[in-house]
Amino acid sequence: MKRILITTPIYYVNDKPHIGHAYTTLAADVLTRFFKLQKKEAFFLTGTDEHGAHIAESAEKVGIAPKELCDKNSKLFKDAWKNLDIKYDYFVRTTDERHERAVEKFFNKLKEKKVVYEKEYQGLYCTGCEKFLIERELKDGKCPFHKKTPEKVSEKNWFFKLSDYLDEVKKLLEKNESKISPSWAKKEIFGLFKQGLDDFSVSRQKVKWGIPVPFDKSQIIYVWAEALLNYISAIGYGDKPDQFKKWWKEARVIHLLAKDILKFHAIYWPALLLAVGEKVPDEEFIHGFFTINEQKMSKTLGNVIDPNDLVKKFGVDATRYLLLSQFPFGQDGDIQQERFVEKYNADLANGLGNLVARTLSMAERFGISYDSNYKSYDLVGDDRLLYKNALEKFKLYEALKIIWDSTISTCDMYITKNEPWNLIKTNKKAAEKVIHSLLHCISEIADLIEPFLPETSEKIKKQLKTGKSEILFPRI
Ligand code: MSP
């Protein structure tokens with residue numbers, strides 16, 4: 001049984017977190033909790049990306065030093081994850097001393113292996129994307145994402161010999177030794193191989209806020225090259241060889257990310273690792289992008305949703321549920337806030353909440369308490385395996401569907417069919433068995449929902465033990 005390292009992208013600290021960031025981080029949290037419950041050793045890494053031109057620009061706009069902005073906003077990410085009951089094992093910040101040292105070590109290695117070279121470069125740089133764009137990517141001369149005219153930059157940079165590693169990266173992907181899923185993402189990457197890819201610059205001359213190239217202090221390390229290195233700096237690449245061996249070399253490394261940063265992760269990152277002779281990630285799972293009422297989430301449109309607001313309105317577990325139950329993980333989707341209330345009432349207040357409440361109240365009336373040894377009907381059946389298979393394939397949405405549309409729904413139908421409140425009058429034994437079977441199933445539901453709704457799972461287990469029911473999700 002291999003131990004698992006599971007990561008999220010590290011998020012830019014130019015602003016506070018929104019539900020886009022929360023979405024990936026929650027998914028990683030659920031998967032880590034699931035793996036840990038399966039008795040696997042797992043490590044969940046997340047953090048913040050704090051260098052680069054656009055962070056410096058954001059700090060300047062509010063008149064503070066970049067580091068001050070980073071400290072402030074990085075904390076907002078940590079706070080939000082706490083509010084969402086997200087339990088990471090390590091939070092990396094790229095302004096951490098140990099990250100900076102690890103990055104220097106990695107860059108010295110690149111130099112030693114002669115895979116970086118100096119070149120005069122001219123290009124169009126978008127600070128919003130933190131990357132060079134090519135003419136045909138522009139729309140009316142502007143970056144299609146940030147609607148800004150990119151800056152014409154002409155400077156000397158250090159370039160990485162990407163071309164030397166493309167074949168090898170491609171082969172690894174083809175053989176699934178480094179796996180990209182879902183299949184649409186893999187297709188996209190193979191499309192890029194076909195188009196051809198240039199060597200890329202790993203340093204910048206005019207940017208001030210970043211880590212200097214250790215062998216050329218006139219240059220700052222390109223923020224993307226540095227950010228990718230968080231995945232190894234955080235687990236000891238620079239300073240803890242044993243830990244690095246344990247969680248990188250000998251672990252199953254899984255990166256979660258959205259499609260916006262696929263190229264960096266699926267091509268540049270493995271190439272950089274190959275160049276210094278390190279193992280490439282085992283798997284990258286790419287999820288889609290969601291819109292809010294069919295529109296891109298953006299400050300200008302004023303439709304950015306703060307996960308903390310959702311927690312205030314719905315509570316922690318309900319927020320976790322609502323964000324992950326909208327559409328399949330791995331596909332694009334749309335979020336409609338009005339649907340949150342509807343879904344909350346239908347699935348949580350009614351669905352799960354009601355099932356637990358009415359079962360416990362019948363049990364109390366009939367004088368029955370939960371007994372794990374009682375030989376009852378198995379109402380869970382195949383759902384157990386289906387759920388496990390779904391989560392092992394990162395199918396979070398499908399796993400929730402199995403619990404709600406099958407397990408919970410089976411219980412509801414079982415109650416309707418047996419009418420235990422009538423049955424108790426004619427056949428006490430049979431009615432008792434019905435209640436015991438339901439209690440059993442609810443106890444298993446509490447286990448199944450644990451990675452998703454940890455607090456609710458605990459509440460249900462407690463209610464089963466004490467026989468006292470309390471409202472889990474008050475109607476909104
Ligand atoms: N700092 C880089 C990542 C470096 S990783 C070595 C970055 N940061 S970011 O703050 O822009 O975060 C991008 C990530 O946030 C996406 O890949 C995705 O995980 C998440 N999302 C941001 N907006 C999202 C949506 N609207 N929908 C889904 N996920 C979203 O890029």
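Strand 1 (4-12), helix 1 (19-37), helix 7 (223-228) and helix 8 (230-233) each give two residues or more to the shell around the ligand. Helices here are DSSP runs of H or I with at least four residues, strands are runs of E with at least two, and both are numbered from the N terminus. Strand 1 has the largest share of that shell, with four residues.

Before I go on, the model is predicted: local features need pLDDT of at least 70, side-chain atom pairs count only at pLDDT 80 or more, and totals for chains, interfaces and linings use all residues. Residues are numbered from 1 along each chain as its sequence is written, and side-chain values use heavy atoms, with hydrogens and water left out.

Back to the ligand. How many residues surround the ligand? There are 22, and the closest are Ile 10, Tyr 12, Thr 24, Asp 49 and Asp 260; a residue is near a molecule if one of its heavy atoms lies within 4 Å of it. By class, 12 are nonpolar, eight polar and two charged. In this scheme Ala, Val, Leu, Ile, Met, Phe, Trp, Tyr, Cys and Pro count as nonpolar, Asp, Glu, Lys and Arg as charged, and the others, Gly among them, as polar.

Now the backbone. For Ala 258, a polar backbone atom is 3.2 Å from an oxygen of the ligand. On its own the ligand has 660 Å² of accessible area, and the protein covers 93% of this (Shrake-Rupley method, 1.4 Å probe).

Next, empty space. Rolling a probe the size of a water molecule over the atoms shows where empty space is left. On a 1 Å grid over the protein atoms alone, a cavity is a set of points where a 1.4 Å probe fits but cannot get out; a pocket is an open set with protein on both sides within 12 Å along at least five of seven lines; lining residues have an atom within 4 Å of a point. Grid points are joined across faces, edges and corners, and a volume is the space filled by probe spheres set on the points.

The structure holds one cavity of 30 Å³ or more, and the largest cavity has about 50 Å³ of space. Its lining includes His 51, Tyr 125, Glu 130, Arg 204 and Trp 209. Seven lining residues are nonpolar, three polar and two charged.

The second largest pocket has a volume of about 230 Å³. It is lined by 15 residues, and Ser 181, Phe 285, Lys 393, Phe 394 and Lys 395 are the closest to its centre. Strand 7 (179-181) and strand 13 (283-287) each supply at least two residues of that lining. Its classes are five nonpolar, three polar and seven charged.

Last, strand pairing, where two strands pair if DSSP finds at least two bridges between them. Strand 4 (residues 116-126) runs antiparallel to strand 6 (residues 151-160) over 10 bridges, with Val 116 opposite Phe 160. Which residue of strand 8 stands opposite Phe 160? That is Phe 200; strand 6 and strand 8 (residues 200-201) are antiparallel and joined by two bridges.

An open antiparallel sheet has three strands in the order 9-11-10. Strand 9 (203-204) and strand 10 (212-213) are its edges, each pairing on one side only.

Note on methods
A polar contact is a pair of N or O atoms within 3.5 Å; within protein, one must be able to donate a hydrogen and the other to accept it, and residues adjacent in sequence count only if both atoms are side-chain atoms.
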